[in-house]
Amino acid sequence: MAITVYTHIRQPILLDSSPLAAPGGEGAVHKIIGNSIHTNCCAKIYHPAKRTLLKRRKLEYMIQNRPNNVNGAQYIVWRLFRFAADEQ
């Protein structure tokens, strides 16, 4: 079974319904499936209680201020998009 989320331009993205690992305190990470544009990518789905205005502002800031490629930097995130789940 898949979870459908949408990009900010309402492009549907399918996520595997099983998280890649045990859900954490903020939410769960799911593999993006069935979409060649986002191959080898994943999406974090936040728990409802963690979907706050402050969290949204933080993520929007991160989207607009991507890190520079710095030698030796070890970060995993980026190529961020804001998604909206179909049940919202």
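Reader: The model is predicted, so what is the confidence in the chain, because pLDDT is given for each residue?

Author: The average pLDDT of the chain is 78, and 75% of the residues score at least 70. Confidence is highest in strand β3, with a mean of 91. It is lowest in strand β5, residues 84-85, where the mean is 59.

Reader: How much of the chain is buried?

Author: Of the 88 residues in the chain, 20% are buried. The chain exposes about 6,600 Å², and carbon and sulfur atoms supply 55% of that area.

Reader: Which residues form the largest nonpolar core?

Author: The general idea comes before the case. In soluble globular proteins, nonpolar side chains tend to be buried together. Here the largest nonpolar core has five residues, namely V5, I13, L15, I32 and A43.

Reader: Where does V5 lie, and is V5 buried or exposed?

Author: V5 is in strand β1, which covers residues 2-6. Its relative accessibility is 1%, so V5 counts as buried. V5 and I32 are 27 residues apart along the chain, and their C-alpha atoms are separated by 9.9 Å.

Reader: What is I32 in contact with?

Author: Neighbours within four places in sequence are set aside. I32 is then in contact with I13, L14, L15, H38, C41, C42 and A43.

Reader: What share of the contacts in the chain joins residues 24 or more positions apart?

Author: Among contacts with a separation of 6 or more, such pairs account for 29%.

Reader: Now a single residue. Where is H30, and is H30 buried or exposed?

Author: H30 is part of strand β3, residues 27-33. H30 counts as buried because its relative accessibility is 6%, and the cut-off for buried is under 20%.

Reader: What does the side chain of H30 reach, and which residues does H30 touch?

Author: The side chain of H30 reaches the backbone oxygen of D16 at 2.8 Å. Leaving out residues up to four places away in sequence, H30 touches I3, L15, D16, S17, S18, P19, L20, C42, A43 and I45.

Reader: C42 is on that list. How many disulfides does the structure hold?

Author: A disulfide is a covalent bond between the sulfur atoms of two cysteines. The structure holds zero disulfides.

Reader: How accessible are C41 and C42?

Author: C41 counts as partly exposed, at 21% relative accessibility. C42 also counts as partly exposed, at 45%.

Reader: Last, what is phi of R10, and where is R10 found?

Author: Phi of R10 is near 65°, a positive value in a residue other than glycine. R10 is found in the loop between β1 and β2, the latter being residues 12-16. With a relative accessible area of 54%, R10 is exposed.

Terms used
Residues are numbered from 1 along each chain as its sequence is written. This is a predicted model: local features need pLDDT of at least 70, side-chain atom pairs count only at pLDDT 80 or more; totals for chains, interfaces and linings use all residues. Side-chain values use heavy atoms; hydrogens and water are left out. Buried means under 20% relative accessible area, exposed over 50%, partly exposed in between (1.4 Å probe, protein chains only). Contact means heavy atoms within 4.5 Å. Accessible areas come from the Shrake-Rupley method with a 1.4 Å probe; for residues, only the protein chains shown count as cover. A nonpolar core is a set of buried Ala, Val, Leu, Ile, Met, Phe, Trp, Tyr and Cys residues joined through side-chain atoms within 4.5 Å. Helices (H or I, at least four residues) and strands (E, at least two) are DSSP runs, numbered from the N terminus. A polar contact is a pair of N or O atoms within 3.5 Å; within protein, one must be able to donate a hydrogen and the other to accept it, and residues adjacent in sequence count only if both atoms are side-chain atoms. pLDDT is the predictor's confidence in each residue, from 0 to 100. A disulfide is a pair of cysteine sulfur atoms within 2.5 Å.
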